[in-house]
Amino acid sequence: MGRAVGVLGGAFNPPHVGHLVLAQEALFALELDELILVPTGQAAHKRIEPEPGPRVRLELARAAAADVDGVRVSDLEVAREGPSYAYRTLELLLDELPGSDLTFVMGADVAAGLESWERPERVVELARIAVAARPGVDRSVVEGTLARLGSSREPVTIEMPELEISSTMVRERVAAGRPVRWLVPEAVAAIIEREGIYAGARAGGGKENA
């Protein structure tokens, strides 16, 4: 068996404590050797708005993960030209980490919509799918999606505390001049304040920008 590696992608606009809790729970529940955060470069099917820039979001993700054991950040998508596709990211990670056993970590709401992705059958071929439970999304919906994509492995459920926090919430609080301490890692808050990210901007977006 190769190394057990988890992959957690997203805009990380900005990364918040919910992302780190999910990373922690994935490392523990899936017995991973490491978990890699992959900030989106150029989003393929959505707008990242407000967009501070892929390099800024990469810096924020690196700041969030700097002192977290077992977690690192990859610039695969930010450094690559063109739209970011999960299947291609997984292919490149396997080139970088030959023999590794990849697990793609995502929320149940995201997993339920996997069929709309670019080459989703390739995603489930390359990686096991691990799903963090989300209110209102039944496990059977996710199982049905993966079955239609030809997955030979059932999704693994990651149980985690319910945290009512999102990147949208953080952006809205910053735009309104409200504090975000304890909602994001201190290093992330410091960069947001120093660079004036999100201040006075329309927070916009929803779960897809988390």
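Trainee: Buried means under 20% relative accessible area, exposed over 50%, and partly exposed lies in between. Where does Glu121 fall, then, in relative accessibility?

Mentor: Bear in mind that this is a predicted model. Glu121 has 37% relative accessibility, so it counts as partly exposed.

Trainee: Which side chain does Glu121 meet in a salt bridge?

Mentor: The partner is Arg119, with an N to O distance of 3.9 Å. Salt bridges are counted within 4 Å. Arg119 is partly exposed as well, with a relative accessible area of 39%.

Trainee: How many salt bridges does a search of the whole structure find?

Mentor: The search returns 16 salt bridges. One of them joins the side chains of Arg122 and Glu91, at 2.9 Å from N to O.

Trainee: Which parts does that pair tie together?

Mentor: Arg122 belongs to helix H6 (residues 120-126) and Glu91 to helix H4 (residues 86-96), so the bridge links parts that are 31 residues apart in sequence.

Trainee: Are Arg122 and Glu91 buried or exposed?

Mentor: Both Arg122 and Glu91 are buried.

Trainee: What about Glu143 and Arg139; how far apart is that salt bridge, N to O?

Mentor: The Glu143 and Arg139 side chains meet at 2.6 Å. The two residues are four places apart in helix H7 (residues 139-148), which means about one helical turn separates them. Glu143 is partly exposed at 28%, and Arg139 is partly exposed at 34%.

Trainee: Which residues do salt bridges with shared partners join into one network?

Mentor: Arg3, Glu34, Arg72 and Glu96 form one such network.

Trainee: Changing topic, at what angle do H2 and H9 pack?

Mentor: Helix H2 (residues 54-65) and helix H9 (residues 186-195) pack at about 150 degrees, and their axes are 8 Å apart. An angle over 145 degrees counts as roughly antiparallel, so that is how H2 runs relative to H9.

Trainee: Which residues meet in that contact?

Mentor: From H2 there are Glu59, Leu60, Ala63 and Ala64, and they meet Ala187, Val188, Ile191, Ile192 and Arg194 of H9. By class, the contact holds seven nonpolar and two charged residues, with no polar ones.

Trainee: Which residues of H9 are buried?

Mentor: Val188, Ile191 and Ile192 are the buried residues of H9. They span an arc of only 100 degrees around the axis, so they sit on the same side of H9. Their cover includes H2 and helix H8 (167-175).

Trainee: And which exposed residues does the face turned away carry?

Mentor: That face of H9 carries the exposed residues Glu186, Glu193 and Arg194. Ala187, also in helix H9, is partly exposed with a relative accessible area of 36%.

Trainee: How many residues apart in sequence are Ala187 and Asp67?

Mentor: They are 120 residues apart in sequence, while their C-alpha atoms are 10.0 Å apart in space.

Methods
Residues are numbered from 1 along each chain as its sequence is written. This is a predicted model: local features need pLDDT of at least 70, side-chain atom pairs count only at pLDDT 80 or more; totals for chains, interfaces and linings use all residues. Side-chain values use heavy atoms; hydrogens and water are left out. Buried means under 20% relative accessible area, exposed over 50%, partly exposed in between (1.4 Å probe, protein chains only). Axes are lines fitted to C-alpha atoms, for helices over the stretch in contact, and angles run from 0 to 180 degrees between N-to-C directions. Angles under 35 degrees count as roughly parallel, over 145 as roughly antiparallel, 65 to 115 as roughly perpendicular and the rest as oblique. Contact means heavy atoms within 4.5 Å. Ala, Val, Leu, Ile, Met, Phe, Trp, Tyr, Cys and Pro count as nonpolar, Asp, Glu, Lys and Arg as charged, and the others, Gly among them, as polar. The arc is that of the directions from the helix axis to the C-beta atoms.
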